[in-house]
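Me: I'd like to go through this model and ask what stands behind each label. Could you show it first?

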Amino acid sequence: LPTASRRGGLEWEEERMEVEVEKAKICGTCGATDAPLKCPCKAVFYCNAECQRASWEGHRGGCTFDLERKLRKDRRRLEGDDPAIAKALFDLGDLYHNQDRLGEAEEKYLEVLRISVAEEESAGVMVANVSRRLGGIYSLQGKLDDALAMSKRSLRVLRRVHGDEHVSLACALNRVGLVFKHKSQLDRAMSKFEQAHEMCCGLFGEDHEIVATVLSNMANVLTLQGKGAEAMPMREKSLDIERRTQGSGVKAIRVATALVNLGSSYLDQGMVEEAQERFEEALGIVRRIHPERNALEALILSNLGSVYGSQGKPEDALAMYDKAYRIYRKTIGLETMEVALVLG
């Protein structure tokens, strides 16, 4: 997920690619709008019971309501803390996490951790994965000390499981760096990002999406340190890698994110026309991939408002800010930092 943040730039979490969109009531079977029937799992709408039955086989594997029912049956059937229970809890936690139902995801992950920690030697990867996810949840909730503890635990376990060089270890270093950044411990954040960057380049070479991710996060730290001129070439390199590795499908959203970050760097350096070009290209990509209104589109519109303001076009700027505000209201709600920045 790119985090729509002004803390130096947009961030990527390696395991998440979602963009916050307006929750339209579209039938999961026929695509009709204003579908009135919602599955008990709260994740999908249907026109009627017939549409729901037609999609059931495809939906049942991701239906949290049905999986909770199966989990209750498994608890009665299996004795003690069976590994199958831990796996079912983990899968449910991931489904809740992907639906941004963070409280329910946290509950499942904590139980997985309780079951797995007793067998940490044999369940090390599970412990690391759950700890990483909990660290991400706690970061989103602003519980940064808890996020750091969980992220460090994941890193520690992965070192024991994989040794000193592995892609999972590089991702864990990146996650610890993000938490340090959120805690405003920028030198420590940069140290973790540099370690992750060196490891990724050794594993994959310089043309890999994880390398682009870490470069972008390093640039964000430099921006926060007031070193925007040093951040700009990192963002240019990150964009170049994303263009060559992501194609034109759904993952092109990463290209859009890199364009937004580079456009922000250009704007900070007074390169207004260059910034406008990057923001407009990013807007085209986002609208093509996510034709429904979404929070990333709102962020780009807000940035275009800043461009028009710098160009002495207050009416155009106000129109962009108004569009951004209305989209944010429909996607992430009004009580967010992004909306405060637009209104400010």
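What follows is a run of questions about the labels, each answered with the value and its definition.

Reply: Before we start: this is a predicted model, with local features needing pLDDT of at least 70, side-chain atom pairs counting only at pLDDT 80 or more, and totals for chains, interfaces and linings using all residues. Residues are numbered from 1 along each chain as its sequence is written, and side-chain values use heavy atoms, with hydrogens and water left out.

Me: How many helices and strands does the secondary structure of the chain come to?

Reply: The chain has 15 helices and 4 strands. Helices here are DSSP runs of H or I with at least four residues, strands are runs of E with at least two, and both are numbered from the N terminus.

Me: What share of the chain is made up of buried residues?

Reply: Buried residues make up 50% of the 344 residues. Buried means under 20% relative accessible area, exposed means over 50%, and partly exposed is in between (1.4 Å probe, protein chains only).

Me: And how much of the contacts in the chain comes from residues 24 or more positions apart?

Reply: They account for 55% of the contacts with a separation of 6 or more. A contact means heavy atoms within 4.5 Å.

Me: Why are helix 5 and helix 6 called roughly antiparallel?

Reply: The axes of helix 5 (residues 124–140) and helix 6 (residues 144–162) come within 8 Å and cross at roughly 160 degrees. Axes are lines fitted to C-alpha atoms, for helices over the stretch in contact, and angles run from 0 to 180 degrees between N-to-C directions. Angles under 35 degrees count as roughly parallel, over 145 as roughly antiparallel, 65 to 115 as roughly perpendicular, and the rest as oblique. Helix 5 and helix 6 are therefore roughly antiparallel.

Me: Is that crossing left-handed or right-handed, and which kinds of residue make the contact?

Reply: Helix 5 and helix 6 cross in the left-handed sense. That label applies if the near helix is turned anticlockwise from the far one by less than a right angle, and right-handed applies if clockwise. By class, this contact of helix 5 with helix 6 has 11 nonpolar, 7 polar and 3 charged residues. Ala, Val, Leu, Ile, Met, Phe, Trp, Tyr, Cys and Pro count as nonpolar, Asp, Glu, Lys and Arg as charged, and the others, Gly among them, as polar.

Me: What makes helix 7 roughly antiparallel to helix 8?

Reply: Their axes come within 8 Å and cross at roughly 160 degrees. That makes helix 7 roughly antiparallel to helix 8. Helix 7 passes helix 8 in a left-handed crossing. The contact has 15 nonpolar, 3 polar and 3 charged residues by class.

Me: How do you know that the span of helix 8 agrees with its number of residues?

Reply: The expected span is 1.5 Å times one less than the number of residues. Helix 8 (residues 186–204) has 19 residues and should span 27 Å, and its end C-alpha atoms are 26 Å apart, which agrees. Its buried residues include L186, F193 and C201, and what covers the buried residues includes helix 7 (167–182) and helix 9 (209–224). Helix 8 is followed by G205, with a positive phi near 85 degrees.

Me: What does the span come to for helix 6 and for helix 12?

Reply: The 19 residues of helix 6 should span 27 Å, and the end C-alpha atoms are 26 Å apart, which agrees. Just after helix 6, G163 takes a positive phi of about 85 degrees. For helix 12 (residues 272–289), 18 residues should span 26 Å and the ends are 26 Å apart, which agrees. The cover over the buried residues of helix 12 includes helix 11 (253–268) and helix 13 (295–310).

Me: Why does K87 count as partly exposed?

Reply: K87, in helix 3 (residues 83–98), has 42% relative accessibility, so it counts as partly exposed.

Me: What about D100 and S184?

Reply: D100 sits in the loop between helix 3 and helix 4, and its 34% relative accessible area makes it partly exposed. S184 lies in the loop between helix 7 and helix 8, and at 59% it is exposed. Neither is a glycine, yet D100 has a positive phi of about 60 degrees and S184 has one of about 65 degrees.
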